[in-house]
Amino acid sequence: MRKFKTSRSAKLFTRAQQILPGGVDSPVRAFKAVGGTPLFIRRGKGATIEDVDGNAYVDYVMSWGPLIHGHAPRGLVKTLAAVARDGTSFGAPTELEVRLGERVRALMPSLERVRFVNSGTEAAMSVIRVARAATRRDKIIKFEGCYHGHADPFLVQAGSGALTLETPNSPGVPLAAVANTLIATYNDLISCERLSESNRHEIAAIIVEPIAGNIGVVPPADGFLAGLRSICDREGILLVFDEVISGFRAGLGGAQALVGVKPDLTCLGKIIGGGLPVGAYGGRADLMELVSPAGPVYQAGTLSGNPLAMAAGLWSLGELSARLYRHLARLGSMLADGLATAARDAGVAVQVNAFGSMLTPFFTAQAVRDYHSALTADTRQYAAFFRAMLARGIYPPPSQFEAWFLSGAHTERDVRKTIAAAKEAMKAVSGDSRQ
Ligand code: KE4
């Protein structure tokens, strides 16, 4: 294990903290949950990133999910250069957004209409507005540990960085803003039934990550999503799938195609922008036709449908193939098995949850199937494991409650290198625990 020099990152982090709160533009990047100085990244290529000190790492953050084809694929860079030569934004409609909308609908037919925005947060906050307008109801059900961006109504028992930094409920969110947000337990239909019965005719929507990624990876239990569909059908509630992570990650039609449950509305992001700022929401035409200017539900955005993001999304979706998903599934299970074996051989209690090319090693002996079981994970052990992996040239998510992502650019060699590093890192964790 060679000692990585990180003095340039350290200097930049000191400077960054004088202008950016916490020295970053998104909290989870600050390494607060894992210790040490965040690495400032100079470039990425394929499955590898390089920090400003020239150290290279096999990357499993992959920008938190968008880069299903890896960093800076040649075709994407070429496409962006060509589009940029004609202008970066017009504040006017372009053919690119029409084509991307048509491509999304072809792959995910439940999105009969779609609106592009600039982030998953915007997509989720807008889709709830549509659901409330359509049903004339105010309440929503979300699940503990699921994360739908940082808009006020969702910052209740939120996952991802909010959970990582122990602020699942954020100051600054007025009680009134979350008074209509009901909290259920992921993979627990009874908790949803109870809420729908005690709030009959008051709930506009149930919003769920069909494959939870922000608790860390927690796949849906058999029947869970179909059960939500039945509750919604019975109670006149709209079912919203937040597929910002799972959309096109889990398969060509997203989680909804894999599980065979059709939501009324869907949020998308990440992969449909190929690493550029993007979000989208869409679904049944009768609902989406409520959105201004077709209908009265107002939502707008200066850079919505931005030509560069649309072109990046078209390129990314155009490169999706059955062959890619087979590659991702194979490497995903190879990595999941390798991490589990490394932990077991080192005597460290780890549960590896995986779904295709996304996975999370939870440092706990308990099976992780929801927020509370995820909270049994030893975050100190994860932090020690993270640091030991970084020291061996592997860059996992700097949080126990996030997903590791593979890409088409990852190779068997990368995964073997990662497993070899994990074998040593798990021994380091086990050694620490014995002290
Ligand atoms: P953004 O506003 O960050 O584009 O998307 C919010 C969002 C909505 N829905 C789901 C299911 C999401 O996972 C996200 C954002 N994901 C996190 C990572 N788990 C973003 C990383 C970050 O906050 O820096």
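**View 1. Helix 3 and the lining of the second largest pocket.** Helix 3 supplies five residues, the largest share of the lining of the second largest pocket, in a predicted model in which local features need pLDDT of at least 70, side-chain atom pairs count only at pLDDT 80 or more, and totals for chains, interfaces and linings use all residues. Residues are numbered from 1 along each chain as its sequence is written, and side-chain values use heavy atoms, with hydrogens and water left out. Both helix 3 (95–107) and strand 4 (113–117) supply at least two residues of this lining; helices (H or I, at least four residues) and strands (E, at least two) are DSSP runs, numbered from the N terminus. The pocket has a volume of about 390 Å³, and of the 24 residues that line it, E97, V98, V114, F116 and G305 are the closest to its centre. On a 1 Å grid over the protein atoms alone, a pocket is an open set of points with protein on both sides within 12 Å along at least five of seven lines, a cavity is a set where a 1.4 Å probe fits but cannot get out, and lining residues have an atom within 4 Å of a point. Points are joined across faces, edges and corners, and a volume is the space filled by probe spheres set on them. By class, the pocket lining has nine nonpolar, nine polar and six charged residues, where Ala, Val, Leu, Ile, Met, Phe, Trp, Tyr, Cys and Pro count as nonpolar, Asp, Glu, Lys and Arg as charged, and the others, Gly among them, as polar.

**View 2. The largest cavity.** One cavity of 30 Å³ or more is counted, and the largest cavity has a volume of about 40 Å³. Its lining consists of P66, L67, I68, H69, G70, P73, L76, G274, W315 and S316, which divide into six nonpolar, four polar and no charged residues.

View 3. Among the 17 residues around the ligand, S26, T121, N214, D242 and E402 come nearest, a residue being near if one of its heavy atoms lies within 4 Å. A polar backbone atom of G120 is 3.0 Å from an oxygen atom of the ligand, while a polar side-chain atom of S160 lies 3.4 Å from a ligand nitrogen atom. The protein covers 86% of the 530 Å² of accessible area that the ligand has on its own (Shrake-Rupley method, 1.4 Å probe). The shell has five nonpolar, eight polar and four charged residues.

**View 4. Backbone geometry at P293 and F31.** The peptide bond from S292 to P293 is cis, with omega near 5 degrees, and P293 is placed in the loop between helix 10 (285–288) and helix 11 (307–318). F31, although not a glycine, has a positive phi of about 65 degrees, and this residue is found in the loop between helix 1 (7–16) and strand 1 (41–45).

Notes. Polar contact = N/O pair within 3.5 Å; in protein donor to acceptor, adjacent residues only side chain to side chain.
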